[in-house]
Amino acid sequence: MNFELLPGAEDSPVILHVPHSSREIPADVRPGIVLDDAALARELDHITDSHTALLAAEAAERSALRPWVFTNRLSRLVVDPERFPDEREEMLAVGMGAVYTRTTHKDVLRAADTDPEPLLARYFRPYAEAMTDAVAGRLAATGRAVVVDVHSYPSEPLPYELHGDGPRPAVCLGTDSFHTPPGLLTAAREAFGECGEVGLDSPFSGTYVPLEFYGADPRVGALMVEIRRDTYMAEPGGPAGPGLLRLATALARLVDALPG
């Protein structure tokens, strides 16, 4: 499977969701990407939220009540599970819908006439179904679910960014007017307060909620945590540094503030 769900405590409502940490591209998907190997490696450096799977794993280990962890095993260059799969997706404007046709620097990634359907059927929809099931499982077990998206972003804006001219704090919290209650936002601000400036919805905004629950079920809370990469790693695509464990401890503080 192109995803993995690591169980947490049965009475934990929290799912740490890590959608963009992998660089893996299946061999039969690679021919559809027009970049040569060197250019593809550079693109993966820029587009991958490097070490975020490790960050989530470390946070889970440090949490008093272990959260569930859902991780994408494949690169977002295969499919991006967090995009809308239709015209609702604003990133279609820069060739970055659910199946990307352009790179972070607006170069051609796939041919413009690429049919996205085979990749959507093979990877996107099974992933979405599995996340839907994971959220439903937390609702059944605890009466609520909290999806905490774990992302990172570069210290300097990349050409593809639609809103790259705003603040770039150490930690950006992405919110949704329906799914991000004030208490969740307050808990996140307090948890990450020791990690530097904590900002809101800039340079990235919104949250991920499976479409079955999106805008419909207030029992599903959601928050996106975007961490500026220079706070924990060498950019672009370099090794993690000591900042990663500090951020993992902060994420664990957030997890521990959510149950109950």
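Where is the place of Pro203? Pro203 sits in the loop between β6 (198–200) and β7, with helices (H or I, at least four residues) and strands (E, at least two) taken as DSSP runs and numbered from the N terminus. The model is a predicted one, so to speak of local features takes pLDDT of at least 70, side-chain atom pairs count only at pLDDT 80 or more, and totals for chains, interfaces and linings use all residues. Residues are numbered from 1 along each chain as its sequence is written, and side-chain values use heavy atoms, with hydrogens and water left out.

Asp201 is not a glycine, yet its phi is positive, at about 60 degrees. With 28% relative accessibility, Asp201 counts as partly exposed; the cut-offs here are under 20% relative accessible area for buried, over 50% for exposed, and in between for partly exposed (1.4 Å probe, protein chains only).

A cis peptide bond also runs from Glu235 to Pro236, and its omega is near -15 degrees. Pro236 belongs to the loop between β7 and α5. As for positive phi, His51 has a value near 70 degrees and is again a residue other than glycine. His51 lies in the loop between α1 (37–47) and α2, and is partly exposed at a relative accessible area of 25%.

Strand β7 itself holds Arg228. The side chains of Arg228 and Asp230 are joined by a polar contact of 2.6 Å. Such a contact is a pair of N or O atoms within 3.5 Å; within protein, one must be able to donate a hydrogen and the other to accept it, and residues adjacent in sequence count only if both atoms are side-chain atoms. Leaving aside residues up to four places away in sequence, Arg228 touches Tyr153, Pro154, Ser155, Arg168, Pro169 and Ala170, where contact means heavy atoms within 4.5 Å.
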